[in-house]
Amino acid sequence: MHDDCPDGPDTWCKYKLDRQKYKHKNGLPLPVRDFIKPVFEDLANEELLKKCLHGKTQNANECLNKLIWDQCSKEVYVESMVIEDATFSAISYFNDGCSSIIHVMNELGLNPGMFTLRACHERDSRRIQHSENKPPEAEKKCRKHLQAVRKGFTDTLKDKEGNEKGAQYK
């Protein structure tokens, strides 16, 4: 349990400072710990953590979180049911776009009006058009490589011919 804790007199780990006297406190109940342990093991997977090291963020999750909190402010207390509704709505919008509102209305037995249909269609069209106007993959790869060089993960850059270029781009 303490394999990854730092050694030495300056360590923050109380167990490593004095193994004989240290007693583990009662933490989570065993059934709870057994239930959540696989989740933590999955999150501590070496391959997953390697992705985080080099600046690869989880943009899809960040986008979904933004959609949720756009509908449900963090500054004002709301009940869990309001957060659940905002989450369900954000997931629908994330997966199906604005037209998900029309599907929900139909399931509730409501007939969306002409302006609702038009507005949803226009927003979805703009969303698709925006995603299609993204820069080419080569440009994205170059930008990520430059970012890695600036962060110190890569020492050199290579030009189109494969020749290394040094610190002039840092």
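Ground rules. The model is predicted, so local features need pLDDT of at least 70 and side-chain atom pairs need 80 or more, while totals for chains, interfaces and linings use all residues. Residues are numbered from 1 along each chain as its sequence is written, and side-chain values use heavy atoms, without hydrogens and water.

Confidence to start. pLDDT is the predictor's confidence in each residue, from 0 to 100. The chain mean is 79, and 82% of residues reach 70 or more. Among the elements (DSSP runs: helices H or I of at least four residues, strands E of at least two, numbered from the N terminus), helix H6, residues 99-107, has the highest mean, 91. Strand S2, residues 164-165, has the lowest, 54. Over residues 166-170 pLDDT stays under 50. The model gives that stretch four contacts (heavy atoms within 4.5 Å) beyond four places in sequence.

Next, aromatics. There is one aromatic pair. The ring centres of Tyr15 and Tyr22 lie 6.1 Å apart, with planes at 80 degrees, so the pair is edge-to-face. The cut-offs: centres within 6.5 Å; planes under 30 degrees apart are stacked, over 60 edge-to-face, the rest tilted. Tyr15 is partly exposed at 23% relative accessibility. Tyr22 is partly exposed too, at 28%. Buried means under 20%, exposed over 50%, partly exposed in between, with a 1.4 Å probe and protein chains only.

Last, the surface. Val39 sits in helix H2, residues 30-43. Val39 is partly exposed, because its relative accessibility is 47%.

How values were computed
Phe/Tyr/Trp six-rings, centres within 6.5 Å; stacked < 30°, edge-to-face > 60°.
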